[in-house]
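Visitor: I'd like to talk through the aromatic rings in this one. Can you put it up?

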Amino acid sequence: MDNRCVVFYDSGVGGLRLFEKTRKAFPQENYVYFADEKYMPFGDKSQEELLDIFNEAKKKIVSFCPKLLVVACNTMSCAVSGITGYMPFKTIFVTPFVPKIKKTNKSSGGGSKGAKWLLLTTPATAETPFVKRLVKREKGVVLRPQKDLAKEVELWRKGGKKPDISLNFKGCEKDFDYVFLGCTHYGFLKNDFKKTFPDSKIISGEDLAFKEVRNFLNTFDNEGERGACLFVKSQ
């Protein structure tokens with residue numbers, strides 16, 4: 001049994017859904033949930049600011065001696081994936097991905113060809129080279145950054161008022177094949193998005209990230225007692 005921990009990193013509560021899903025599937029693992037609330041929200045930061053924040057956080061993360069780091073934030077993942085430098089442990093990023101279309105008589109199944117999808121992100125995520133390349137490469141993508149929505153969700157999950165997303169999409173076209181929630185905070189509003197876009201499939205980068213997490217943790221001995229869990233906040 002490898003007792004090194006699994007670290008989840010986010011600005012606040014956004015990564016909790018993926019964290020809880022992983023913990024339920026692998027209860028014997030030791031976990032650290034690191035909420036970098038000192039810099040919350042990430043969604044209004046520049047690329048340079050995000051890299052500085054991550055480099056500072058990395059010192060804390062390394063001190064936990066993890067076997068796996070999950071950057072459970074689309075904004076940070078899109079900003080630093082590929083430019084983080086050497087990481088002495090496995091790292092999984094939560095990012096937008098291209099939905100795969102099953103083969104039909106009208107589709108060759110080669111990816112997202114012919115599909116129309118709405119990508120919802122924070123303003124900072126929308127400005128990352130990662131997302132700019134994705135939007136440029138894929139046809140049929142409508143990018144709509146959501147100002148302050150992640151912050152509103154954070155406040156709601158801590159006892160505040162639930163955001164009303166219907167106001168964000170008043171007059172917005174609804175005929176999308178996919179609505180991609182490009183922020184882990186938005187996942188808490190998945191049912192609300194489904195009501196707003198009833199004919200669309202609601203997806204998230206957490207789906208693919210969990211598969212990667214599961215594949216990695218399955219390489220270890222899954223027997224043993226329930227592991228420990230530590231919640232840490234930056235000051």
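Visitor: Is Tyr9 buried or exposed?
Guide: Tyr9 is buried, at a relative accessible area of 0%. Buried means under 20%, exposed over 50%, partly exposed in between, with a 1.4 Å probe and protein chains only. This is a predicted model: local features need pLDDT of at least 70, side-chain atom pairs count only at pLDDT 80 or more, and totals for chains, interfaces and linings use all residues. Residues are numbered from 1 along each chain as its sequence is written, and side-chain values use heavy atoms, leaving out hydrogens and water.

Visitor: And Phe42, buried or exposed?
Guide: Buried, with Phe42 at 2% relative accessibility.

Visitor: How many aromatic pairs in the whole structure?
Guide: The search finds 17. Rings of Phe, Tyr and Trp (its six-membered ring) pair if their centres lie within 6.5 Å; planes under 30 degrees apart are stacked, over 60 edge-to-face, the rest tilted. Tyr9 and Phe42 form a tilted pair, 6.1 Å centre to centre with 35° between the planes.

Visitor: Which parts does that pair tie together?
Guide: Tyr9 is in strand E1 (residues 6-10) and Phe42 is in the loop between strand E2 (31-35) and helix H2 (47-63), so the pair joins parts 33 residues apart in sequence. Helices (H or I, at least four residues) and strands (E, at least two) are DSSP runs, numbered from the N terminus.

Visitor: New topic. Which ring does Lys67 lie over?
Guide: Lys67 lies over the face of Phe220, 4.1 Å from the ring centre. The cut-offs: NZ of Lys or CZ of Arg within 6 Å of the ring centre and within 35 degrees of the ring normal.

Visitor: What about Lys21?
Guide: Lys21 lies over Phe210's face, at 4.6 Å from the ring centre.
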